[in-house]
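The paragraphs below go through both in turn.

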Amino acid sequence: HELPRRQKKIYYQVAITMVFFAAFSRIYLGPHWLTDVISSFLIGLTCVLLITISYRRHLTLHIPPKKLAMASTISLVILWTSYSII
């Protein structure tokens, strides 16, 4: 929501290109059939659409980047240390 339309378009194009290259490599190298790749695209598209619909139904508040980065870092450190101990 907060990025300009032109910048969003660039990110979407890069992501879509990466997904298609990964799908093509899976078909070309042989670990998956075309139907496997198509069905995974459809499942992924369904998940994205459901998340988008639920996201647009609720008013979201802007989270400052510093607070988000701090919360992410703390979460990762806690998970990493708990995984390292076990």
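The structure shown is a predicted model.

Begin with the two helices. Helix α1 covers residues 5–29 and helix α2 covers residues 34–57. Their axes come within 9 Å and cross at roughly 155°. Angles over 145 degrees count as roughly antiparallel, and α1 and α2 are therefore roughly antiparallel to each other. Their crossing is right-handed. On the α1 side, the contact is made by Val-19, Phe-20, Ala-23 and Ile-27, and on the α2 side by Leu-34, Val-37 and Phe-41. Seven of these contact residues are nonpolar, with no polar and no charged ones.

Next comes the empty space. A probe the size of a water molecule, rolled over the atoms, shows where such space is left. The second largest pocket has a volume of about 230 Å³. Which residues line the second largest pocket? They are Tyr-12, Ala-15, Ile-16, Val-19, Phe-20, Ser-40, Phe-41, Gly-44, Leu-45 and Val-48. The elements giving two or more residues to this lining are α1 and α2. Val-19, Phe-20 and Phe-41 belong both to the helix contact and to the pocket lining.

Methods:
Residues are numbered from 1 along each chain as its sequence is written. This is a predicted model: local features need pLDDT of at least 70, side-chain atom pairs count only at pLDDT 80 or more; totals for chains, interfaces and linings use all residues. Side-chain values use heavy atoms; hydrogens and water are left out. Axes are lines fitted to C-alpha atoms, for helices over the stretch in contact, and angles run from 0 to 180 degrees between N-to-C directions. Helices (H or I, at least four residues) and strands (E, at least two) are DSSP runs, numbered from the N terminus. Angles under 35 degrees count as roughly parallel, over 145 as roughly antiparallel, 65 to 115 as roughly perpendicular and the rest as oblique. A crossing is left-handed if the near helix is turned anticlockwise from the far one by less than a right angle, and right-handed if clockwise. Contact means heavy atoms within 4.5 Å. Ala, Val, Leu, Ile, Met, Phe, Trp, Tyr, Cys and Pro count as nonpolar, Asp, Glu, Lys and Arg as charged, and the others, Gly among them, as polar. On a 1 Å grid over the protein atoms alone, a cavity is a set of points where a 1.4 Å probe fits but cannot get out, and a pocket is an open set with protein on both sides within 12 Å along at least five of seven lines; lining residues have an atom within 4 Å of a point. Grid points are joined across faces, edges and corners, and a volume is the space filled by probe spheres set on the points.
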